[in-house]
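This report describes how parts of one protein chain pack together.

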Amino acid sequence: MKHNSFAFFLITGWMVSLAAGCSILPSRQSISHPSAPPGHAPISSLEMQTQFPSAGALKSELTMPDHYSIDAWVRCFTEKNHNSFQTQLDRACHYVVPAQEIFVRKGLPKDLVYVALIESGFSPTAESHANAVGMWQIISKTGSRFGLEQNQWLDERRHPMKAAQAAADYLSFLFDTFGSWPLALAAYNAGEKTIQKSIDRSGVRDFWALRENGKLPAETRDYVPKVYAAVKVIRNCSQYGFRFNPDYYLVRHETVPVPGGVKLSWIGKQIGVPEDSLVNCNPELCKPVTPPGCSDYELCVPLGKGEDVLAALTNCPPQKITSEKPLAAPSPPAAVVYRVKRGDSWSGLAAKYGCPANMLAALNGMKTSRPLKAGQSLKLPAWKSSTSVPVAKANRGKENIIASIPDKKKRSGGEQKRISYVVREGDTLWMIAGKFHIPVKTLCTQNNLKPNQKLRPGNLLLINADWQELSRMAKRKY
């Protein structure tokens, strides 16, 4: 894109310097960059003004700049990575047309949808090391900021079109903030605060000048040229030997309102579609069930199957999974601090305190493969029982908390044993109750919880469960 902001800044700075009687910016200062190709002459500030003017840039247009970094990425896409780029184009065919309609409605360049190609190769289930999710690689905070719902049942950052709307809104905001698409794209990659700091420190409001001066993160210096290179290749696909014509896009799916709490496996059986296919159609669902608690969820199904779903819901209503409303998390049952003695082992402590060894290790953020050392402190479950075993005092002068050995009892003809369970991410009361084959009501009574209470990872639950089932579970890896 051609920019005038750098020129405007230089002229403004020159006028201010005359008024103040001092020089602010040096003129014709040479700018070099370590990533410039061999033999490429340094670009002067005057040349930068001529090549990349930005004042008056149109929000609805994406003009192609003339820059060696873009050409370098074009060569990379068309030569070295030709096959992988074609694979990404094949995947893009399913999303480009509806996404472009969203961008155009918002007054944005339709070619900006190819940001998703650089971000994820148009993969709705992509996830980065920084926990950015979906084909638009949106972090949780930005997703919430632009209206994407995220909970244990649903992550709309993986919804192709809802995420496209959020990405379009974010890009629109970034253009309004920085006044050019190169800077907006840079901010999409690095964050608006990072780009604003680069501008404030350098006094330059032009991406290409900031890039040549080395004022941006290395990833961002390449990110913007990559986006432009992808657009340049796609605008001339046949010239570069690629097959891509999104105008032949065919709608393959439709949405149908389905009540919350309905399993995809049930729907699949009713309409003759594999559960995996429904999961692939709805990548935003964290579990293979429509989000409990919603009256109607717009579920994506193969084209022509919507009426079959509605008929099945009417003729044989399924059993629904109930929603759990988030409430204040309960305080975890008390734990004790135990000082490891010579000869102690995970299996020995597990047998002594009636807690599976791997669960005991998880409570301490450790693994059973790591041997215990005499003198180290461990957290152990504090049992509510008359038979107690004294343990060492907790640090910082806290009172002794007494641990006790649980008793085995006969209940309903089966041998019962009380254990502690460490709540993991995503656990719910009904899931834990199902795992140990006990009623949710019983689990709540044992731990003074409400049936709709939300659990917090790290909480400890006390569970009276069948001894044989516990023996089987102890052999599994939690």
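Axes are lines fitted to C-alpha atoms, for helices over the stretch in contact, and angles run from 0 to 180 degrees between N-to-C directions. Helices are DSSP runs (H or I, at least four residues) numbered from the N terminus. The model is predicted: local features need pLDDT of at least 70, side-chain atom pairs count only at pLDDT 80 or more, and totals for chains, interfaces and linings use all residues. Residues are numbered from 1 along each chain as its sequence is written, and side-chain values use heavy atoms, without hydrogens and water.

Helix α9 (residues 181–190) packs against helix α10 (residues 192–202) at about 125 degrees, with the axes 6 Å apart. Leu183, Ala186, Ala187 and Ala190 of α9 meet Glu192, Thr194, Ile195 and Ile199 of α10 (heavy atoms within 4.5 Å).

Buried means under 20% relative accessible area (1.4 Å probe, protein chains only).

Rings of Phe, Tyr and Trp (its six-membered ring) pair if their centres lie within 6.5 Å; planes under 30 degrees apart are stacked, over 60 edge-to-face and the rest tilted.

| Ring pair | Centres | Planes | Class |
|---|---|---|---|
| Phe103 and Trp136 | 5.6 Å | 20 degrees | stacked |
| Phe175 and Trp181 | 4.7 Å | 45 degrees | tilted |

Phe103 and Trp136 are both buried, as are Phe175 and Trp181.

Conventions. Helices (H or I, at least four residues) and strands (E, at least two) are DSSP runs, numbered from the N terminus. Buried means under 20% relative accessible area, exposed over 50%, partly exposed in between (1.4 Å probe, protein chains only).
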